[in-house]
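Welcome, and thank you for taking a look at this model. Let us walk through it together, one part at a time.

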Amino acid sequence: LADAGEADVRVQTTLDEAARARFGFSTGSSLSGPVPIKISGKVSDNKDVRLQIDADLTPAKVENLLPGWTKPSGRSNRASFVLVTRDKATRFENLVIDGSGANVRGNIELDGAGDLVSANFPVFALSDGDKTSLKAERSPDGVLKVAMRGDVYDGRGFVKAFFGGEQTEKPKADTLDLDLDIRLGAIAGHNGEALRGVDLKMTKRNGQI
């Protein structure tokens, strides 16, 4: 294929954890179980890639694939996006996650090491009733700046994800330098509790808030 110039790709298969890792989609324990997928698109010069990917996440179990997003196996959910790789960078364009209360739409860009460069989610709802948007961008000094805006956010999944039990491996986020800026009308909690008029700013450096 070295001289092929451009090749059409058409694949329909089911990927388990091992297969996803071989294809560079390793997500650790965040996504477990089989995922039926359809892939179509073009590969140019054996390096530039533009592929439409549609995945049925229904048979898979999701545990914080996005912060606070959980889904048991068997609950309906689908994801689609356009995968673009060029000059070692990777983009997930027109990302749509839909089903089981989740409704996410936006774009993600990763660098050659697989670290987040930027993310823009005009729609970022991980639970029924969420009305939020989210933007994230890594500054030149390596700090990830995250801004969330919206009317309502169900914070129960987020609390459970980060404080709900023992973790077998230290999350990468524990050592991430972070600037967090949240402005929300209300955050729903357990037992009917809620925070209203939330305006939160948090800075973390070297694991210290």
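Predicted model: local features only at pLDDT ≥ 70, side-chain atom pairs only at ≥ 80, totals over all residues.

Rolling a probe the size of a water molecule over the atoms shows where empty space is left. Here a pocket is an open set of points on a 1 Å grid over the protein atoms alone, where a 1.4 Å probe fits and protein lies on both sides within 12 Å along at least five of seven lines; lining residues have an atom within 4 Å of a point.

Residues are numbered from 1 along each chain as its sequence is written, and side-chain values use heavy atoms, with hydrogens and water left out.

Which residues lie nearest the centre of the second largest pocket? They are Gly-68, Thr-70, Leu-126, Ser-127 and Gly-157, out of a lining of 15 residues. By class, that lining has 2 nonpolar, 7 polar and 6 charged residues. In this scheme Ala, Val, Leu, Ile, Met, Phe, Trp, Tyr, Cys and Pro count as nonpolar, Asp, Glu, Lys and Arg as charged, and the others, Gly among them, as polar. Strand 6 (70-71) and helix 2 (156-163) each give the lining at least two residues, and helix 2 has the largest share, with 3 residues. Helices (H or I, at least four residues) and strands (E, at least two) are DSSP runs, numbered from the N terminus.

Strand 6 also leads us to a sheet. It belongs to an open sheet of 3 strands in the order 2-5-6, with antiparallel pairing. Strand 2 (31-32) and strand 6 stand at the edges with a single partner strand each, so one side of each has no neighbour in the sheet. Strands pair if DSSP finds at least two bridges between them. Between strand 5 (residues 61-63) and strand 6 there are 2 bridges, and the two run antiparallel; Val-62 has Lys-71 in strand 6 as its bridge partner.

Strand 9 (residues 102-110) is joined to strand 10 by 7 bridges in the antiparallel sense, with Arg-105 opposite Val-123 in strand 10. This hairpin has 5 residues between its strands, and Gly-114 takes a positive phi near 85°. Strand 10 (residues 116-125) then pairs with strand 11 (residues 131-138) over 4 bridges, again antiparallel, and Phe-121 has Leu-134 in strand 11 as its partner. Here too 5 residues lie between the strands, and Gly-129 in the turn has a positive phi of about 95°. Finally, 8 bridges join strand 11 to strand 12 (residues 144-154), which run antiparallel. Thr-132 stands opposite Gly-150 in strand 12, and Gly-142 in this hairpin has a positive phi near 90°.

Lys-88, in the loop between strand 7 (78-86) and strand 8 (89-99), has a phi of about 70°. Is Lys-88 buried or exposed? At 74% relative accessibility, Lys-88 is exposed, where exposed means over 50% relative accessible area, buried under 20% and partly exposed in between (1.4 Å probe, protein chains only). Asn-94, within strand 8, has a positive phi of about 50° and is exposed as well, at 51%.

For a contrast, turn to Asp-179 in strand 13 (residues 178-188). Asp-179 is buried, with a relative accessible area of 16%. Its side chain makes a polar contact of 3.0 Å with the side chain of Arg-205. A polar contact is a pair of N or O atoms within 3.5 Å; within protein, one must be able to donate a hydrogen and the other to accept it, and residues adjacent in sequence count only if both atoms are side-chain atoms. Leaving aside residues up to four places away in sequence, Asp-179 touches, among others, Val-143, Leu-144, Met-202 and Thr-203, where contact means heavy atoms within 4.5 Å.

Stepping back, the protein chain has 2 helices and 14 strands. Of its 209 residues, 34% count as buried.
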